[in-house]
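I set out below what I looked up in this entry, in the order in which I looked it up. The sequence and the model come first.

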Amino acid sequence: MTDSGLYACEVSVVTEYLQDQSSPEAGQYVYAYTVTIRNTGTTAAQLISRHWVITDAMQQVREVKGLGVIGEQPLLAPDAEYKYTSSVMFNTPSGEMYGTYQMVAVDGHWFEVDIPTFWLHQAAGLH
């Protein structure tokens with residue numbers, strides 16, 4: 001959660017190992033992750049961009065930055081939720097991700113929302 005009161009969002013993530021898209025013998029492990037963003041503040045806000053830090057089991061780190069999520073920049077009214085699913089591939093059987101969303105409220109105030117660390121492994125579930 002960030003900036004309680006006017007500007008606040010909660011983020012939760014559910015992960016799933018995609019066995020049918022993975023190829024362990026080739027060092028390819030694919031995971032889906034479904035993110036739910038809920039505006040817990042009192043002001044509508046739009047998700048503008050994202051920043052992910054992705055680390056595999058060998059501690060190799062990569063960062064991903066870009067506009068929106070899955071090609072969208074959703075506007076969330078107070079108490080509204082936005083859910084999307086994306087995927088990531090690792091060269092190791094497991095890894096972790098965390099990051100931030102950059103948001104702008106309808107009054108022009110910019111704020112960041114933390115995406116808590118979540119782990120991706122073959123027995124994946126709710127984090």
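**Entry 1: overall form**

I compared the radius of gyration with the globule rule: a compact globule of 127 residues would have a value near 14 Å, and the protein has 15 Å, which agrees. The radius is taken over C-alpha atoms, and the rule is 2.2 Å times the number of residues to the power 0.38. I note that this is a predicted model, in which local features need pLDDT of at least 70 and side-chain atom pairs count only at pLDDT 80 or more, while totals for chains, interfaces and linings use all residues. Residues are numbered from 1 along each chain as its sequence is written, and side-chain values use heavy atoms, with hydrogens and water left out.

I then took the box along the principal axes: the C-alpha atoms fill roughly 50 × 25 × 20 Å.

For secondary structure I found 0 helices and 8 strands, giving the pattern β-β-β-β-β-β-β-β along the sequence. These elements are DSSP runs, numbered from the N terminus: helices are H or I with at least four residues, strands E with at least two.

**Entry 2: burial, surface and contacts**

I looked up the buried share, which is 45% of the 127 residues. Buried means under 20% relative accessible area, exposed over 50%, and partly exposed in between, with a 1.4 Å probe and protein chains only.

The accessible surface comes to about 6700 Å², and carbon and sulfur atoms hold 50% of that. The areas come from the Shrake-Rupley method with a 1.4 Å probe; for residues, only the protein chains shown count as cover.

Among contacts between residues at least 6 apart in sequence, 66% join residues at least 24 apart. A contact means heavy atoms within 4.5 Å.

**Entry 3: aromatic rings**

I applied the ring rule: rings of Phe, Tyr and Trp (its six-membered ring) pair if their centres lie within 6.5 Å, with planes under 30 degrees apart counted as stacked, over 60 as edge-to-face and the rest as tilted. The count comes to 8 aromatic pairs. The Tyr17–Tyr31 pair is tilted, because the ring centres are 5.2 Å apart and the planes stand at 55 degrees. This pair links distant parts of the chain, 14 residues apart: Tyr17 is in strand 1 (residues 9–17) and Tyr31 in strand 2 (residues 29–39). Tyr17 counts as buried at 14% relative accessibility, and Tyr31 counts as buried at 0%.

Next I examined Trp52 and Phe118, whose ring centres are 5.8 Å apart with planes at 85 degrees, so the pair is edge-to-face. Trp52 belongs to strand 3 (residues 45–56) and Phe118 to strand 8 (residues 110–120), so that distant parts of the chain, 66 residues apart, are linked. Both Trp52 and Phe118 are buried. Together with Tyr33 and Tyr101, Trp52 and Phe118 form one aromatic cluster.

I also checked for a charge over a ring, which requires NZ of Lys or CZ of Arg within 6 Å of the ring centre and within 35 degrees of the ring normal. Arg62 lies over the face of Phe90, at 5.7 Å from the ring centre.

**Entry 4: salt bridges**

How many salt bridges does a search of the whole structure find? I recorded 2. The criterion is a side-chain nitrogen of Lys or Arg within 4 Å of a carboxyl oxygen of Asp or Glu.

Arg38 and Glu10 meet through their side chains at 3.9 Å, N to O. The pair links distant parts of the chain, with Arg38 in strand 2 and Glu10 in strand 1, 28 residues apart. Arg38 is partly exposed at 29% relative accessible area, and Glu10 counts as partly exposed at 36%.

Asp79 forms a salt bridge with Arg38, the closest N and O atoms being 3.3 Å apart. This pair also links distant parts of the chain, 41 residues apart. I therefore list Glu10, Arg38 and Asp79 as linked in a network of salt bridges.

**Entry 5: positive phi**

Most residues other than glycine have a negative phi. Which values did I find for Gln59 and Asp79? Phi of Gln59 is near 65 degrees, and phi of Asp79 is near 70 degrees. Gln59 is found in the loop between strand 3 and strand 4 (61–67) and counts as exposed at 59% relative accessibility. Asp79 lies in the loop between strand 5 (75–76) and strand 6 (81–90) and counts as exposed at 54%.
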